[in-house]
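Please read it alongside the sequence and coordinates.

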Amino acid sequence: DRVRQFQSFWGASRALFAILMGWEPQNQYLAMSKATSQTNLSITWAVFQFFFWSWVVIATFLMLNIVMAIIVDAFANVKRSLRDAPTIKTELTSLTRQAVSI
């Protein structure tokens, strides 16, 4: 049974990483949901729902934040390297002067 993965810390870590990476999250969700619905406690199902969806949302925002940090850092590096580059206005002025002098 796939829920056995969550009986140890390392198994749960691997399963959560698989969910984060998008490796069969639907199968994980269905197996865990089925296992929690078989218990006599309805709170187990509610805790599972809260845990699963908070994990997915937090992990997704964390990954988006990392991607945004990489993009912003690359933009800052390019902007820093082009600090002394001519602006569009000076480029257009130069092109216009060259065109008039021809």
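The points below are grouped by topic. The model is predicted. Its largest nonpolar core has five residues, its surface carries a nonpolar patch with about 560 Å² of accessible area, and the structure holds one aromatic pair.

**Nonpolar core**
- Leu16, Ile19, Met32, Phe48 and Phe52 are the members of the largest nonpolar core.
- Two or more residues of this core come from each of H1 and H3.
- Leaving aside residues up to four places away in sequence, Leu16 is in contact with Phe6, Phe51 and Trp55.
- In soluble globular proteins, nonpolar side chains tend to be buried together.

**Nonpolar surface patch**
- On the surface, a nonpolar patch is formed by Phe17, Met21, Leu62, Met63, Ile66 and Ile70, which together have about 560 Å² of accessible area.
- Helix H1 (9-21) and helix H3 (42-81) are the elements that give two or more residues to the patch.
- H3 supplies the largest share, with four residues.
- Ile66 lies in helix H3.

**Aromatic pair**
- The structure has one aromatic pair.
- Phe9 and Trp10 form this pair, with ring centres 5.0 Å apart and planes at 80°, so the geometry is edge-to-face; the cut-off for that class is over 60 degrees.
- Phe9 and Trp10 are both exposed.

Definitions and conventions. Residues numbered from 1 in each chain as written. Predicted model: local features only at pLDDT ≥ 70, side-chain atom pairs only at ≥ 80, totals over all residues. Heavy atoms only, no water. Phe/Tyr/Trp six-rings, centres within 6.5 Å; stacked < 30°, edge-to-face > 60°. Buried < 20%, exposed > 50% of the residue type's maximum accessible area, 1.4 Å probe, protein only. Patch = residues over 30% accessible without salt bridge, like charges linked within 9 Å, V, L, I, M, F, W, Y side chains within 5 Å. Areas by Shrake-Rupley, 256 points an atom, 1.4 Å probe, with all protein chains shown as cover. Salt bridge = Lys/Arg side-chain N within 4 Å of Asp/Glu carboxyl O. Core = buried A, V, L, I, M, F, W, Y, C linked by side-chain atoms within 4.5 Å. Contact = heavy atoms within 4.5 Å.
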